[in-house]
Amino acid sequence: MKNLSKISILGIALIWGNTSFGQTRAIDSLVQKINNKDAYLLLVKTISPRIKGDENKKIIKIGKEITPDLIKILDNQNKGIAAHFILSEIWNEIWNEEICCNISYNGDTEIVTINGLKIYIENNILFSTDEDLKKNKKNWEKIWHS
């Protein structure tokens, strides 16, 4: 009887470990697919950050538990804005949408701030400076740890 209990406990531990490992790999795979090219802004009465793509929608469905994985890539030039938009959607209760159209200009470059991140728009391409991405990453770390 004791052996049956030990075998049952071991079996449950193995199943739980494999499920957890599998979920981590699935999350890693989804996070690797994030790209700023999927991020865009909707300008109506407010400026709303948006993200397209099925993988991104799966990440949003995972919810707040994926926050640490997204924080890791916030300072990445190719993924940081998209990760910020995903986090903004997941944590939407802490943000007020920006009033449209609070846009400043630097030559042909439009500049908007979305939920604390300064975003530059040039030829319909969104980008941020390394400094702005790092500052944004620190802000999200504070949100996560509070």
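## A hairpin to start with

Let's begin with strand 1 and strand 2, which make a hairpin with 2 residues between them. Keep in mind that this is a predicted model. Strand 1 covers residues 39–43 and strand 2 covers residues 46–51; the two pair in the antiparallel sense over 5 bridges.

Next up is an open sheet of 4 strands, in the order 4-5-6-7, with antiparallel pairing. Strand 4 (104–106) and strand 7 sit at the edges, each pairing on one side only. From one strand to the next, the twist averages 35°.

Inside this sheet, strand 5 and strand 6 run antiparallel and are joined by 5 bridges. Look for threonine 113, which stands opposite lysine 118 in strand 6. Then there's helix 4, which lies across strand 5, strand 6 and strand 7 and runs at about 125° to strand 6.

## Two asparagines in a loop

Between strand 6 (117–122) and strand 7 (125–127) is a loop that holds asparagine 123. Asparagine 124 has its place in that loop as well. Both have backbone angles to note: phi is near 55° for asparagine 123, a positive value in a residue other than glycine, and asparagine 124, also not a glycine, has a positive phi of about 65°.

Are these two buried or exposed? Asparagine 123 has a relative accessible area of 70%, so it counts as exposed, the cut-off being over 50%. Asparagine 124 is exposed too, at 77% relative accessibility.

Now for the inside. In soluble globular proteins, nonpolar side chains tend to be buried together. The largest nonpolar core here has 32 residues, and those with the most contacts inside it are Ile34, Leu41, Leu70, Phe85, Ile119 and Leu126. Several elements each supply at least two residues of this core, among them helix 1 (2–32), strand 1, strand 2, strand 6 and helix 5 (130–145). The largest share, 7 residues, comes from helix 4.

What does leucine 70 touch, not counting residues up to four places away in sequence? Its contacts are Val31, Ile34, Ile59, Ala83, Ile86, Leu87 and Ile90.

Technical notes
Residues numbered from 1 in each chain as written. Predicted model: local features only at pLDDT ≥ 70, side-chain atom pairs only at ≥ 80, totals over all residues. Heavy atoms only, no water. Buried < 20%, exposed > 50% of the residue type's maximum accessible area, 1.4 Å probe, protein only. Pairing = 2+ DSSP bridges. Core = buried A, V, L, I, M, F, W, Y, C linked by side-chain atoms within 4.5 Å. Contact = heavy atoms within 4.5 Å. Axes fitted to C-alpha atoms, helices over the stretch in contact; angles between N-to-C directions.
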